[in-house]
Structure formats: structure tokens, C-alpha cells
Amino acid sequence: MCGPAALPALLIAATAVTAAGQGLQALQANKQAKYQAKIADRNAALENEAARQEIENTRDRAVAHYRNVAAVKGRQRVMAAANGISLDFGSAADVVQDTDMLGREDARRIYDDGFQRSRGFEINASNYRAGARSARQAASNALVNGAFNMASTALSGASQYSKMKAGRV
């Protein structure tokens, strides 16, 4: 068993170990929050890349659609010419106009769908960036809280030590 003379040393040691543990915990929380911020930043970059890729894919789908519409119109002209029908007026002209109208409507849907998909990626990227900012703030807060906890422990230990010393003297 420890004698009364060892109590001040034990109190100081316990205070130091507790404060060191709080400091280590703060550093670990800081490191974890920074890692979370790094992952969130990476996810945001990936979402931005996915949005850019979706815009490119939308353009490619639209170009392919315009080519298909042109091919349909070409077949219509060939069939009309083979049958001696003029595309300048009447039902044949209506068919060409309808093909143009439907082609434009389909192209608009392709662009609208692509916009919605890319917008979803951009919203996700924004959410990841907000999460990264929050994690960086948590990292800073962990250090500040750790410092306050360590200081509080040291002051509490000093207070107990002074009370112990005053009671013995």
C-alpha cells in the first residue's frame, strides 16, 4: 500500500495520464475527421466527373438521335421519289414535317433527361463538399475540445493537489 507521502505523486501522475489520454483522444478525433473530409472531397470530385461524363453522354445520344432522324428522312425521300411523289406539298410534306417535329421532341427529352441526371450528380457533389467542410470543422473542434479537457484536468488536479497539501501542512 502507498503511504500518505506518495499520494501527491500519485495525484500528479493520474492527472498527467488523464490529460495525456484526453490529448491523444483529441488528436485521434482530429485525424478521423480529416480523413472523413478527404473521402468526402474525393467523392465530390467523382460526382463532378460523373456529371461531366453525363453531359458528354447526353450530347452523344442527341447526335445519334439526329443521325437516326436524318436517316429516316432520307428513307422517306427515297421512297417518295421512287413512287414519283413530291415532298413539297400534301401528305408527303406533312410526313416530313411530322418527322421533324417528333425528332425535335425526342431530342428535347434526351437533353432534359441528361440535364436531370447531371443535376443529380452535381447535387451529390455539393452534399459531399458540405460534408467535407463539416468534417474539417469537426477536426478543428476536436483539437479545441481536447485542449480544454486537458486544461480542465490539469486545473482540477492542481486544485486537488493544493487542497491535499493544505490539509497536510
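## Salt bridges and helices in a predicted model

Asp-106 has a relative accessibility of 30% and therefore counts as partly exposed (buried means under 20% relative accessible area, exposed over 50%, partly exposed in between, with a 1.4 Å probe and protein chains only). Salt bridges that share partners join Glu-54, Arg-61 and Arg-117 into one network; a salt bridge is a side-chain nitrogen of Lys or Arg within 4 Å of a carboxyl oxygen of Asp or Glu.

This is a predicted model, in which local features need pLDDT of at least 70 and side-chain atom pairs count only at pLDDT 80 or more, while totals for chains, interfaces and linings use all residues. Residues are numbered from 1 along each chain as its sequence is written, and side-chain values use heavy atoms, with hydrogens and water left out.

The structure holds seven salt bridges, including the three tabulated here.

| Pair | N to O distance |
|---|---|
| Glu-54 and Arg-117 | 2.8 Å |
| Lys-73 and Asp-100 | 2.6 Å |
| Arg-109 and Asp-106 | 2.6 Å |

Lys-73 in helix H1 and Asp-100 in helix H2 are 27 residues apart, and their pair links distant parts of the chain (helices are DSSP runs of H or I, at least four residues, numbered from the N terminus). Lys-73 counts as buried at 18% relative accessibility, whereas Asp-100 is partly exposed at 24%. Arg-109 and Asp-106 both lie in helix H2, three residues apart, about one turn of the helix.

Glu-47 belongs to helix H1. Although buried, Glu-47 has no salt bridge, and Arg-129, the nearest side chain of opposite charge, is 9.3 Å away (Lys and Arg count as positive, Asp and Glu as negative; His and the chain ends are not counted).

Definitions and conventions:
Helix = DSSP H or I, 4+ residues; strand = E, 2+ residues; numbered from the N terminus.
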